[in-house]
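Student: I want a close look at one part of this model. Please keep to a single loop and the elements around it.

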Amino acid sequence: MAATRLIALHKNKGKSVAACLKSRTDYAQNPDKTNRGELVSSYQCSPLTVDEEFLLSKRQYELATGRRQKNDVIAYQIRQSFKPGEITAEEANKVGYELAMRFTKGKYAFIVATHTDREHIHNHILYNSTALDSTRKFRDFLLSGLAVQRLSDLICLEHQLSVIEIKPYRERQKRTLYPPKESNRDKLCSVIDGILLNEKPANFEAFLQNLEQQGYEIKRGKHTSVKGARQKRFIRFRTLGAGYSEDEIKAVIAGEAEHRPHQRQQPKEQPFHLLVDIQAKLSEGKSEGYAQWAKRYNLKEMSKTLIFLQENKIGSIEEMQERVNAATAQYHELGDSIKAAEQRMAEIAVLRAHIVNYARTRPVYDAYRKAGYSKKFLEEHREQITLHRAAKNAFDEANLKKLPKVKELDAEYSALLSQKKAAYPAYRKARDEMQELKKAQKNVELFFAEEKDPKEKSQTR
């Protein structure tokens with residue numbers, strides 16, 4: 001069972017063609033991998049000077065044709081791997097030599113190096129991109145890799161070796177599913193769990209020292225934060241979730257609370273997806289095979305949609321419309337309240353800046369007025385006077401007869417910020433509910449429209 005791959009070898013950036021050819025051929029003929037060079041065979045070249053002979057043919061090609069390409073393929077490599085325990089190294093080299101000879105038809109020089117450093121014996125076949133007569137180059141045609149595989153299978157059958165059975169896509173073995181990558185926060189929570197449950201530090205400082213021993217950098221301050229070896233930013237304890245703030249960790253260390261290890265939350269999966277508009281896809285040029293797949297897909301998603309409607313106790317189109325209208329109204333109401341808070345916060349920020357600038361530049365403007373609006377004084381204090389005038393114009397546009405205090409504005413800004421943060425969870429929940437209901441409504445409408453079309457066509461017939 002030989003697996004093959006055809007690779008075009010290009011010149012590396014910053015290296016010459018000669019250096020690239022030497023590095024590729026030296027790797028293929030590595031004595032540690034080819035039994036001291038005994039598993040290397042060649043055609044129309046010597047394994048000792050194969051890189052120089054490849055380069056000489058390229059120079060002869062340039063002289064004969066006058067052609068010189070910037071991004072040229074310097075050679076081609078065929079990797080041929082065999083099933084472990086099925087073939088000897090000597091026989092693998094013969095099979096590789098036969099593959100290279102029949103694929104290149106004896107018109108290109110090549111070497112075959114058989115490697116035995118892995119469990120599976122494999123060949124590195126390097127053949128020159130320039131022909132032996134130096135008049136043309138190898139043409140890497142469409143599906144050339146597939147042609148190499150088919151030729152290799154044929155040669156393997158001739159040598160009574162097994163070949164890879166071609167299976168339909170649905171019957172092929174799927175790739176290995178790797179576990180999701182652990183985030184830096186999850187990793188830090190796991191380290192904290194180990195320290196609190198196993199080490200049991202005497203105080204919070206000893207807990208931080210244990211973290212430092214685990215390779216974390218500590219930044220002490222109002223909010224203690226840590227950073228791992230390969231992290232770019234520090235992570236505060238209070239952002240890790242419930243049970244991991246400084247006060248909660250100190251309570252666990254003091255024995256006043258019990259620590260519960262971090263439970264990693266799996267990503268929430270959508271209960272159902274939108275149906276496929278089969279007629280629209282067919283009008284775009286999709287095939288009948290796609291239509292068959294779409295019908296099966298729509299049936300699965302529609303069954304999930306019906307389960308969603310049953311769980312939410314929606315039994316009719318009218319109830320569906322009422323729920324959609326109510327969810328949309330709640331979503332817009334919460335969104336408008338958040339936008340109003342943001343708008344007022346922006347107004348407070350601008351007004352506060354003008355008040356501060358007005359108070360800071362007032363002595364300069366009073367002196368400017370006492371100087372009789374002198375041009376010289378204006379040039380010397382243009383920035384302060386411009387800020388003062390801008391603040392005064394802003395107060396006049398807002399019809400402010402009495403300026404509010406900065407402390408009052410800060411308090412109102414903090415209250416609006418708290419209100420905005422408190423409204424966001426309900427806003428997200430209302431948005432998700434509205435989207436799910438609208439998606440279910442659209443699925444129901446599309447499903448009944450597709451059911452209605454075949455009936456109308458049968459009646460017209």
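Is Ser134 buried or exposed, and why?

Tutor: Ser134 is buried because its relative accessibility is 4% (buried is under 20%, exposed over 50%, partly exposed in between, with a 1.4 Å probe and protein chains only). The model is predicted, so local features need pLDDT of at least 70, side-chain atom pairs need 80 or more, and totals for chains, interfaces and linings use all residues. Numbering starts from 1 along each chain, and side-chain values use heavy atoms, without hydrogens or water.

Ser134 sits in the loop between strand E5 (122–128) and helix H4 (144–158) (DSSP runs numbered from the N terminus: helices, H or I, have at least four residues, strands, E, at least two). The phi of Ser134 is near 60°, positive in a residue other than glycine.

Take E5 next. The open sheet has five strands in the order E1-E3-E5-E4-E2, with antiparallel pairing (pairing takes at least two DSSP bridges). Strands E1 (3–10) and E2 (40–43) are the edges, each pairing on one side only. Neighbouring strands are turned by 15° on average, direction ignored (axes are fitted to C-alpha atoms, for helices over the stretch in contact; angles between N-to-C directions run from 0 to 180 degrees). Seven bridges join E5 to the antiparallel strand E3 (73–81). Ala75 has Asn128 of E5 as its bridge partner. Helix H2 (50–65) packs on the sheet, touching E3, E4 (110–115) and E5 (contact is heavy atoms within 4.5 Å). The direction of H2 makes about 30° with that of E5.

Now the other end of the loop. H4 lies across E1 and E3, at about 140° to E1. Leu146 belongs to H4. Leu146 counts as partly exposed, because its relative accessibility is 40%.
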